[in-house]
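Here are some notes to read with the model open beside you.

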Amino acid sequence: MSSGPVRYVRYLLFAAVGLALFFFVSRSALPIPETIGSKLNPSNYKDTSTSTSSSSSSHGNAATSKEHTNGVPGNGSALQGERVNATFVTLARNSDVWDIAKSIRSVEDRFNRNYHYDWVFLNDKEFDDNFKKITTALVSGNTHYGVIPKEHWSYPEWIDQDKAAKVREDMGQKKIIYGDSESYRHMCRYESGFFFRHPLMLNYEYYWRVEPSIELFCDISFDPFRFMKENDKKYSFVLSLYEYFDTIPTLWDSVKKFMSNHPEHIAKGNSMGFLSDDGGKTYNKCHFWSNFEIGHLEWLRSKEYLDYFESLDHDGGFFYERWGDAPVHSIAAGLLLKKEQIHFFNEIAYYHIPFTHCPTGEQLRLDLKCHCNPSENFDWKGYSCTSRFFHVNDMKKPAGYEDES
Ligand SMILES: Nc1nc2c(ncn2[C@@H]2O[C@H](COP(=O)(O)OP(=O)(O)OP(=O)(O)O)[C@@H](O)[C@H]2O)c(=O)[nH]1
Ligand SMILES: [Mg+2]
């Protein structure tokens, strides 16, 4: 038996060791994922579950998006760990709910669970409660739901609707893809000229477009929004290809008219070589596949882009032909931006039926835990325009590309 004072010293020692152990265990245990932490925070939960519908003023992204004025492009440390003022954006119908759920799961697992960027959903009709419930549960950032104003999803007054209906009938008979669809035309026109002007989008600087049923095959180990901002990129892509000529027979004539009316909008050092093989006389039909896009909203809201869109829109090809938002965005990026402002994300592995972008480079795929089959990579195959993009930008193709062509 120990005597009194010795016993007290021992009790004190036990207590100190116990406290130290408790402190160590409580600090080193698996952290509560931030996502769960933020979902449990009552103010965040309220914002998510009361996300807006068609109203613009109640849009609550201000607290979760950060404006950076001190970021030096190209200086990785300037914005280290901070988010950019950016959002995911999806145009969808209520019936797309399970297909978009799949896309969200993929984007969250591979990227957004670590960043919690917001997600804006847009629809020409009200989103129903089921759509909102399922998508809000899956997105780790705040969700916002917007109805598209009627004037952004209808015929402008200069369009002859009988002529447009006749075109749809003819294109349907010729079995041109979506040739007979009226809603597809409104969708393409909306994505070309309006989504970035929706009230819910106005407070953001960058967007990442996500469509239903896409897949991401690799971890995204960096913040692409931040990369865009730091490197002054305005538009980016992962897949490029040739457009069906029958959907855009007079698009290039319309573009040439715009170029001659607005030479001041055409960038020096642009990517004309990506779009045309004869210095601009004809369009080679190359375009970036716009179902994936990360881009600068303020560029789309610029006078240059809006003049371009309005000029094309007045020529009527969204309705009298079937101009897609992919060639419309791509031609704008190719002519209004300096070529260095367009970026190809090799690291972002992506699938939208029927094409796959699987990063070239085995070590990269292993490091990023990719599960795509590199032999399915579309980039270096004959119908892709990505080789041309590399050529125009004097870029060296990644090692191993020959095995995938
Ligand atoms: N709200 C709404 N969204 C639509 C409508 N039509 C298409 N969308 C959305 O617009 C996007 C493009 O439509 P999709 O049906 O995916 O077209 P796609 O087959 O991918 O077209 P391609 O890429 O040209 O092959 C998707 O996000 C759709 O959910 C519509 O009538 N209303
Ligand atoms: Mg799609």
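1. A word on the ground rules. This is a predicted model, where local features need pLDDT of at least 70 and side-chain atom pairs count only at pLDDT 80 or more, while totals for chains, interfaces and linings use all residues. Residues are numbered from 1 along each chain as its sequence is written, chains are lettered from A and ligands numbered from 1 in the order in which they are written, and side-chain values use heavy atoms, with hydrogens and water left out.

2. The search uses a 1 Å grid over the protein atoms alone: in a cavity a 1.4 Å probe fits but cannot get out, a pocket is an open set of points with protein on both sides within 12 Å along at least five of seven lines, and lining residues have an atom within 4 Å of a point. Points are joined across faces, edges and corners, and a volume is the space filled by probe spheres set on them.

3. What does β1 pair with? Strands β1 and β2 run parallel, joined by 5 bridges (pairing takes at least two DSSP bridges). Leucine 91 has leucine 122 in β2 as its bridge partner. Strands here are DSSP E runs of at least two residues, helices H or I runs of at least four, numbered from the N terminus.

4. Strand β2 (residues 118-123) is largely enclosed by the rest of the structure, because 6 of its 6 residues are buried (under 20% relative accessible area, 1.4 Å probe, protein chains only). Asp118, Val120 and Leu122 cover one side, and Trp119, Phe121 and Asn123 the other.

5. Now the largest pocket: about 1,100 Å³ of space, with 42 lining residues, of which Tyr178, Tyr184, Met187, Glu211 and His352 lie nearest its centre. Helix α7 gives the largest share of the lining, 5 residues. By class, the pocket lining has 20 nonpolar, 11 polar and 11 charged residues.

Methods:
Nonpolar A, V, L, I, M, F, W, Y, C, P; charged D, E, K, R; others polar. Buried < 20%, exposed > 50% of the residue type's maximum accessible area, 1.4 Å probe, protein only.
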